Amino acid sequence: MITFEGRVKAPEIITVAAVGDVLLHDTVQRYAMNQETGFMSLFGPVVDLIQGADVAFANLEGPVAAGVTKRGRVTAPPQRLWDRWVYTGYPMFNYHPSVVRSLKDAGFDVLQTANNHSMDRFAIGADKTIEAIEAEGLKFTGTRKRGEMVRPWHAITTISKGDRHWRLAWLACSYGTNGIPDHADQVLLCYKHKARVLQMISGLSRRDDIDAVLFTPHWGAEYRHEANRRQKALAEDAINAGATAVIGSHPHVMQPIEKYVTASGREGLVAYSLGNFVSNQIGLPRRSSIILMLGLKPTPSGKLQMAAMGWIPIWMRNYGNRMQVEAIDRAGPVALRNLLHLRQILPRANQLPASSDYWRQYDCCPDRRHDRLEGEY
């Protein structure tokens, strides 16, 4: 079990929910198009879990560029959510802007826009993605619009509890853009710009108006459950620079979650990959994922530090005329293999029930937290 020093009661914890890739293949977009609630139909079964957190994060893997074709030309936006020319899936993704509203309604507050599909609609697509996100009042991190190159790469979300306002800084980067040129330097790159990335993390962590820094790199080898040396080195450097936690994406499968302690004794967390949140990728590992829960607590200095980590197992259902992400312990025995797969990678004792009352078990009886779930199987 991953634990952190000190004890804090559940009501005092600042709760962060994070999920992996929102990767909308053609089949997923077509399914959403034929549902009354559109893209919300994909997220509906876990909305309560996302909305229950104080702040929620997702990796939006692909542009949201209204009326931009595969060739980067601007045309009249289609009325449909998917048309194979403007709104498309693999290999050049582009999503109807309504997906942003659905993500907002599902409870997400901040989206990662730096990933290998950031430039799938070229520079204009990166611009329009930001415009779509801002139009819905959400935060984003990792890309910038042309003409706004002095704008910060990071985003800041504010959490109000009692008479205190907590500010979390989010910083995203990507290993690359699938070979599509980024002529205007709109995407922050994890390795090419590593010195700049670490400098930004350090600067944010020292700011009096920032209480925690969450670093979200898009990195690693696809479909590999092991983190590679570059990931581990950057993660350690990021925590040492001042990041509270590192939340990774890109491999499309789960990778381990580890605690990292700096030389000064400060505890951080590294989740190397959260896998897919929503996708049409095949195979059990690519359909097994989690909602990562981070519990943050105040320090005597007034900042926030890691207090608890948990994971809620989820899976992507895609049969029986249903395509949606579900909590595994609500799905029942049909998703047992997905759960067992996740337990091979993640610390079992940190598994949380599919309940928005996330941390109550830490004030009670952690050895009994899985009794109900396992009894059902």
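User: In which sense do β9 and β10 pair, and over how many bridges?

Analyst: This is a predicted model, where local features need pLDDT of at least 70, side-chain atom pairs count only at pLDDT 80 or more, and totals for chains, interfaces and linings use all residues. Residues are numbered from 1 along each chain as its sequence is written, and side-chain values use heavy atoms, leaving out hydrogens and water. Strands (E, at least two residues) are DSSP runs numbered from the N terminus, and two of them pair if DSSP finds at least two bridges between them. For β9 and β10 (residues 267-271), the sense is antiparallel, over five bridges.

User: Which strands stand at the edges of the sheet?

Analyst: Six strands form an open sheet of mixed pairing, in the order β5-β6-β7-β8-β10-β9. Each edge strand has a single partner, so one side of each is left without a neighbour in the sheet; these are β5 (155-161) and β9 (257-261).

User: Is Cys 173, which a disulfide joins to Cys 190, buried or exposed?

Analyst: The disulfide (cysteine sulfur atoms within 2.5 Å) has an S to S distance of 2.1 Å. The pair links distant parts of the chain, with Cys 173 in strand β6 (residues 164-174) and Cys 190 in the loop between β6 and α6 (194-206), 17 residues apart. Buried means under 20% relative accessible area, exposed over 50%, and partly exposed in between (1.4 Å probe, protein chains only). Because its relative accessibility is 0%, Cys 173 counts as buried.

Technical notes: Helices (H or I, at least four residues) and strands (E, at least two) are DSSP runs, numbered from the N terminus.
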